[in-house]
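Me: I would like to go through the terms used for this structure and ask what each one rests on. Please set the values against the cut-offs as we go.

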Amino acid sequence: MTGGPLVVLVGPMGSGKSTVGGVLARRLGVPYRDTDADIVAAQGREISDIFVDEGEPYFRELERAAVAAAVAEHTGVLALGGGAVLDGGTRALLAGLPVAYLSMDVEEAVRRVGLGAARPLLAVNPRRQWRELMEARRHLYTEVARVVVATDDRTPEEVAQAVLDAL
Ligand code: S3P
């Protein structure tokens, strides 16, 4: 065993990282870990509050530290927040790891996440906002990923199987 996570999941919010991560962890018989949850636990407040109180750059620093700790300590399945790849330091931490990008097209994102009340950034024009978000991030997900698995017409179990087949 060389240590490190067995699988790292990246992809936009709504792509199913936590659901698929849970399925994968059960199938592999290993623990599941999620850096969003690590940050909430360490900070004692919700991510949306950290964004509002300190701003996104500060959150990305917390996230980089959470990813660094998780890749060093965790040997199971690890899911990252949807925007983790925006940070170059975080991307560098993923080099050489078995990273799977759960991709989702814009129409599917609008269907799944839509204009959820908890995501005010998407409230004005969710289709355009999603298109812009995906255009800004797609190449970063691809850059860190060893495999890309499309989630659009698949159940979480099918996505988990595709990840296992591809890695
Ligand atoms: C974010 C996605 C969220 C969370 C934060 C920012 C993003 O994670 O880290 O709200 O920038 O896309 P999920 O992808 O788990 O929803």
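Reply: A note before the terms: the model is predicted. In the UniProt record, an unreviewed entry, the feature "binding site" is placed at Gly14, Ser15, Gly16, Lys17, Ser18, Thr19, Arg119 and Arg154. The record also lists Asp36, Arg60, Gly82 and Arg137 for "binding site".

Me: Why is serine 18 called partly exposed?

Reply: Serine 18 has 15 other C-beta atoms within 10 Å. Buried needs 20 or more and exposed needs 12 or fewer, so serine 18, with its 15, is partly exposed. Serine 18 lies in helix H1 (residues 17-28).

Me: What is serine 18 in contact with, leaving aside its neighbours within four places in sequence?

Reply: Serine 18 contacts Asp34 and Ala79.

Me: Where do glycine 82 and arginine 60 sit, and which residues do they contact beyond four places in sequence?

Reply: Glycine 82 is in the loop between strand S3 (77-79) and helix H5 (88-93), and its contacts of this kind are Gly11, Pro12 and Met13. Arginine 60 is in helix H4 (residues 56-73) and touches Leu86 and Asp87.

Me: Which residues surround the ligand, and how are they split by class?

Reply: Met13, Lys17, Asp36, Ile47, Gly81, Gly82 and Gly83 surround the ligand. The shell has two nonpolar, three polar and two charged residues. Met and Ile count as nonpolar, Lys and Asp as charged, and Gly as polar.

Me: Why is strand S4 described as largely enclosed by the rest of the structure?

Reply: Five of the five residues of S4 (residues 99-103) are buried, so the strand is largely enclosed. Val99, Tyr101 and Ser103 point one way and Ala100 and Leu102 the other way, and all are buried.

Me: How do you know that S4 pairs with strand S1 and with strand S5?

Reply: Pairing requires at least two bridges. S1 (residues 7-10) and S4 have three bridges, in the parallel sense. S4 and S5 (residues 147-150) have four bridges, also parallel. Both pairs therefore meet the requirement.

Me: Which residues stand opposite each other in these pairings?

Reply: Valine 8 has valine 99 in S4 as its bridge partner, and valine 10 stands opposite tyrosine 101 in S4. On the S5 side, tyrosine 101 has valine 148 as its bridge partner.

Me: What makes S2 and S5 edge strands?

Reply: The open sheet has five strands in the order S2-S3-S1-S4-S5, with parallel pairing. S2 (32-34) and S5 each have a single partner strand, so one side of each is left without a neighbour in the sheet. From one strand to the next, the twist averages 25 degrees.

Me: Which helix packs on the sheet, and how is its direction related to that of S4?

Reply: Helix H7 (residues 126-144) packs on the sheet and touches S1, S4 and S5. The direction of H7 makes about 150 degrees with that of S4.

Technical notes: Residues are numbered from 1 along each chain as its sequence is written. This is a predicted model: local features need pLDDT of at least 70, side-chain atom pairs count only at pLDDT 80 or more; totals for chains, interfaces and linings use all residues. Helices (H or I, at least four residues) and strands (E, at least two) are DSSP runs, numbered from the N terminus. UniProt positions are given in the numbering used here, feature names are shortened, and annotations may be inferred rather than shown by experiment. Two residues are in contact if their C-beta atoms, placed from the backbone, lie within 7 Å. Axes are lines fitted to C-alpha atoms, for helices over the stretch in contact, and angles run from 0 to 180 degrees between N-to-C directions. A residue is near a molecule or strand if its C-beta atom, placed from the backbone, lies within 6 Å of it.
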